[in-house]
Amino acid sequence: MKRILMLVSLGALLYQTGCTSKHEEEKEEQVDYLVTSPLQKDTTITKEYVSQIRAISHIELRALERGYLQKIYVDEGQMVKKGQLMFQIMPLVYQAEQQKAQAEANFAEIEYKNTKALADSNVVSKNELALAKAKFDKAKAELGLAQTHLGFTEIRAPFSGIMDHFQVRLGSLVDEGDLLTTLSDNSEMWVYFNVPESEYLDYKSGEDSGNLMKVKLKMANEKIFDYTGAVKTIEADFNNETGNIAFRATFPNPKGLLRHGETGNVLVSVPLKNALLIPQKATFEVLEKKYCYVIDKDGKVQSREITIAAELPHIFAVSHGLQKDDKILLEGLRQVRENQKISYKFQKPDSVISHLSLYAE
């Protein structure tokens with residue numbers, strides 16, 4: 001009797017366990033996954049290009065005459081004005097040469113005037129007058145040359161700009177051509193960045209001749225420069241090694257914040273028409289390819305490869321692989337299997353996107 005009771009109890013326990021397992025399976029099958037569709041709308045993406053910042057004028061100032069550096073009138077990092085005296089090379093020798101040339105010119109002038117007076121009275125021939133005139137002209141030319149050499153002992157700023165550090169010190173003996181310093185005109189800056197061939201073709205094909213491409217500059221501290229630049233120049237040739245071509249954007253720099261030799265990132269805004277936008281969290285990657293799960297008409301999960309046209313904060317713009325009406329799995333990507341039939345709840349794409357950090361126009 002006891003054995004019969006034990007068998008009955010065991011059977012009841014097994015039955016109860018089987019029912020519980022079956023109930024749990026049914027419960028697991030009825031999990032509602034969150035599903036949405038791509039959102040189709042116009043938006044704008046921002047592309048970044050590494051850039052080099054250059055002053056519109058950046059030159060080397062060199063000595064034009066040999067001599068000792070007698071005076072320095074400026075300091076490193078100083079703003080100088082066009083024509084401002086910067087360096088003085090000892091002028092004594094050149095002053096003496098100028099005085100000598102001046103005296104010779106004065107003597108030749110007196111001699112010429114006397115000869116002319118005699119020639120007017122027919123005392124001397126016209127040939128003697130011409131010889132005196134040539135001697136006077138030669139003396140004036142030598143005086144001008146001496147004055148030029150004396151002027152070369154003064155180094156003046158050819159344009160307004162910022163001084164770099166000194167390459168020589170006061171009292172140094174400098175030779176003709178020695179580097180003294182460099183000077184940069186930072187009133188405007190040229191920012192160079194390289195653009196791939198495909199993007200260059202897109203830009204040129206959609207270029208409006210009346211409007212220049214407007215760009216922003218992200219500086220090394222991750223802040224955006226206050227002023228907008230314009231692409232005014234594109235180089236003539238592509239780099240065959242990289243497949244890129246250089247663009248040059250011009251930025252106003254009224255506060256002098258940018259300096260020659262800085263680096264940064266040029267930001268280019270590119271409009272996308274009728275872009276298909278999906279959350280990044282709805283995708284997964286296999287062997288460097290992007291996939292998402294698409295729900296078919298029978299409610300089965302199918303993985304599908306997609307092509308990303310652009311990346312925005314928390315968003316992918318898809319160029320191939322999806323249609324506007326496709327249903328994609330939004331959450332639980334690691335909990336489903338290929339061809340698994342699921343129960344789901346649909347959430348409108350604009351509602352999904354509105355909860356993400358998307359800034360679109």
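The model is predicted, so local features need pLDDT of at least 70 and side-chain atom pairs count only at pLDDT 80 or more, while totals for chains, interfaces and linings use all residues. Residues are numbered from 1 along each chain as its sequence is written, and side-chain values use heavy atoms, without hydrogens and water.

Let's start inside. The largest nonpolar core has 22 residues; such a core is a set of buried Ala, Val, Leu, Ile, Met, Phe, Trp, Tyr and Cys residues joined through side-chain atoms within 4.5 Å. Here buried means under 20% relative accessible area, exposed over 50%, and partly exposed in between (1.4 Å probe, protein chains only). F193, V215, L217 and F247 touch the most other members. Among the elements giving two or more residues to this core are β2 (39-62), β9 (179-196) and α4 (197-205). Helices (H or I, at least four residues) and strands (E, at least two) are DSSP runs, numbered from the N terminus.

Beyond its neighbours within four places in sequence, F193 is in contact (heavy atoms within 4.5 Å) with residues including Y49, V231, F247 and V266. Another core, of 17 residues, lies apart from the largest one and includes M86, M163, F166 and V168.

Now look at R248, in strand β12. R248 is buried yet has no salt bridge, meaning a side-chain nitrogen of Lys or Arg within 4 Å of a carboxyl oxygen of Asp or Glu. Leaving aside neighbours within four places in sequence, the contacts of R248 include W190, Y192 and K232.

Finally, Y68 sits in strand β3 (residues 67-72) and is partly exposed, with a relative accessible area of 43%.

Note on methods
Lys, Arg positive; Asp, Glu negative; His and termini not counted.
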